[in-house]
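Q: Could you take a close look at the aromatic rings in this model, both how they pair and what sits over them?

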Amino acid sequence: MPKIKKRLYKSLVRQRQAGDTRLRIVEATRQLLQSEGYAGMTVEGIAQRAEVSAQSVYAIFKSKTGILTELLDQATFGLDYEDAVQKALSARDPETRLRLAAPIARQIHDAQSATFDLLRGAGVVAPELAKLERQRERLRYERQERMITSLRDARRLRPALDYTTARDIFWMLTGRDVYRMLVRERGWSSQKYEGWLADTLVQSLLTPGGLKLARRRPVHQR
């Protein structure tokens, strides 16, 4: 095997091993949170359960907060999320593209709610949770840029909306607070939330000429 191919092969093997190590550490963290709580989730305990050294845990994640961030990211922005985003952005019709943002928001919040419930139940302190939530919201806002850019480039945003306002509205409507109020506090099903969100996004952001709501039943009749 030529030297270049050997180096490439070794590099791919190391990347795969590093990815496996990250997954083991995160899964060990999840198990310790469930069994020992946040106070009992020590780096040494994580390392022992993941069968790596404590130095490796610190080298990869820097701190316990870094591991919790990865735990949330794996639950929220995994392969299913990336597939859903690509499906939405590849849709040719802007309305279809925007409606496909609703199941993405539902997927994110369903996953985040379960993970945050785990963290709260494990005794993660409120300031730490608030910091994690702020980080996830910033990341979500950044990742939504492609959707609003695609609608603007297709000239389908409402005339009264500038780019930044449209992006802020999209971020707000797909946000965790709206999901929490409707699903967690008012008892909506995730499916009902998703249908309402799809309709609301279209009504709020797209030019009236592109609306096709007449063919759809109101959310409360589904």
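A: Happy to! This predicted model holds three aromatic pairs, where a pair means rings of Phe, Tyr or Trp (its six-membered ring) with centres within 6.5 Å, and planes under 30 degrees apart count as stacked, over 60 as edge-to-face and the rest as tilted. One of them joins Y141 and W171: the ring centres are 5.9 Å apart and the planes stand at 90°, so this pair is edge-to-face. It links distant parts of the chain, since Y141 belongs to helix α8 (residues 126–143) and W171 to helix α10 (residues 163–173), 30 residues apart; helices here are DSSP runs of H or I with at least four residues, numbered from the N terminus. Y141 is partly exposed at 23% relative accessible area, and W171 is partly exposed at 31% (buried is under 20%, exposed over 50%, partly exposed in between, with a 1.4 Å probe and protein chains only).

Another pair brings W188 and W196 together, with centres 6.2 Å apart and planes at 85°, so it is edge-to-face. W188 has a relative accessible area of 21% and is partly exposed; W196, at 23%, is partly exposed. W188 also has a charge over its face: K192 lies 4.4 Å from the ring centre. For this, NZ of Lys or CZ of Arg must be within 6 Å of the ring centre and within 35 degrees of the ring normal. R152 likewise lies over the face of Y163, at 4.7 Å from the ring centre.

A note on conventions: residues are numbered from 1 along each chain as its sequence is written, and side-chain values use heavy atoms, leaving out hydrogens and water. Because the model is predicted, local features need pLDDT of at least 70 and side-chain atom pairs count only at pLDDT 80 or more, while totals for chains, interfaces and linings use all residues.

Note on methods
Helices (H or I, at least four residues) and strands (E, at least two) are DSSP runs, numbered from the N terminus.
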